[in-house]
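Reader: I have a model open and want to learn how to read it. Where do we begin?

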Amino acid sequence: QVQLVESGGDSVQAGGSLRLSCAASGYTYNHVCMGWFRQVPGKEREAVATDYTNTDGSSTYYADSVKSRFTISHDNAKNTLYLQMNSLKPEDTGMYYCAAGRAWCGGSWSRPSFYNYWGQGTQVTVSS
């Protein structure tokens with residue numbers, strides 16, 4: 001049984017930083033995509049960043065709105081995915097979800113329907 005547990009959400013001032021973690025169990029992070037999405041009430045779930053890893057290394061994908069501010073990474077030894085968020089803006093506010101797929105995502109990295117497993121979410125609130 002795959003479980004994804006997010007943590008690290010908090011309330012911060014604009015310009016601040018947070019690091020989100022997603023601890024995975026029952027899941028092997030190899031040749032698959034794992035990523036972060038966010039959602040605010042009344043809006044669709046939005047892709048933030050995705051990481052794909054295999055024996056040759058990893059590839060990362062970012063939404064334009066977070067490029068150069070957010071960094072996705074993973075620790076295989078801990079089976080944990082991270083999202084380092086710097087220079088936070090009020091528009092980054094939302095519930096952040098960790099998602100995991102069962103294959104390479106390629107051009108589907110930003111589609112929620114690609115991912116098979118989801119965490120319960122962690123709230124990030126950025127005030128101006």
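Author: With burial. Buried means under 20% relative accessible area, exposed means over 50%, and partly exposed lies in between (1.4 Å probe, protein chains only). Strands (E, at least two residues) and helices (H or I, at least four) are DSSP runs, numbered from the N terminus. This is a predicted model: local features need pLDDT of at least 70, side-chain atom pairs count only at pLDDT 80 or more, and totals for chains, interfaces and linings use all residues. Residues are numbered from 1 along each chain as its sequence is written, and side-chain values use heavy atoms, with hydrogens and water left out.

Reader: How do I read strand pairing?

Author: Strands of a sheet pair through backbone hydrogen bonds, either parallel or antiparallel. Here two strands pair if DSSP finds at least two bridges between them. E5 pairs with strand E4 (residues 32-39) in the antiparallel sense, over 7 bridges. Trp36 stands opposite Ala49 in E5. The E4-E5 hairpin has 6 residues between its strands, and there Gly42 takes a positive phi near 85°.

Reader: Which strand is joined to E5 by 6 bridges?

Author: Strand E6 (residues 57-62), and the two run antiparallel. The hairpin from E5 to E6 passes through 2 residues. Asn54 stands opposite Gly57 in E6.

Reader: What is the strand order in the open sheet?

Author: The order is E1-E3-E8-E7, 4 strands with antiparallel pairing. Strands E1 (3-7) and E7 (70-75) stand at the edges with a single partner strand each, so one side of each has no neighbour in the sheet. E1 pairs with strand E3 (residues 18-25) over 5 bridges. Val5 stands opposite Ala23 in E3.

Reader: Now the interior. What counts as a core?

Author: A nonpolar core is a set of buried Ala, Val, Leu, Ile, Met, Phe, Trp, Tyr and Cys residues joined through side-chain atoms within 4.5 Å. The largest one has 27 residues; Met34, Trp36, Leu83, Met85 and Tyr96 touch the most other members. The largest share, 4 residues, comes from E3. Apart from this core lies another, of 9 residues, including Cys33 and Phe114.

Reader: And charged pairs?

Author: A salt bridge is a side-chain nitrogen of Lys or Arg within 4 Å of a carboxyl oxygen of Asp or Glu. The count comes to 4 salt bridges. In one of them, Glu46 meets Arg38, with the closest N and O atoms 2.8 Å apart. Glu46 is partly exposed at 34% relative accessibility, while Arg38 is buried at 6%.

Reader: What else does Arg38 meet in a salt bridge?

Author: Asp92, at 2.9 Å from N to O. Arg38 lies in E4 and Asp92 in the loop between E8 and E9, so the pair ties together parts 54 residues apart in sequence. Asp92 is buried, at 0% relative accessibility. Asp92 also forms a salt bridge with Arg69 (2.7 Å, N to O). Arg69 is buried too, at 10%. Through shared partners, Arg38, Glu46, Arg69 and Asp92 join into one network.

Reader: Last one. Is Ser113 buried or exposed?

Author: Exposed, at 68% relative accessibility. Ser113 is found in the loop between strands E9 (94-100) and E10 (117-118). The C-alpha atoms of Ser113 and Gly101 are separated by 9.6 Å, and the two residues are 12 apart along the chain.
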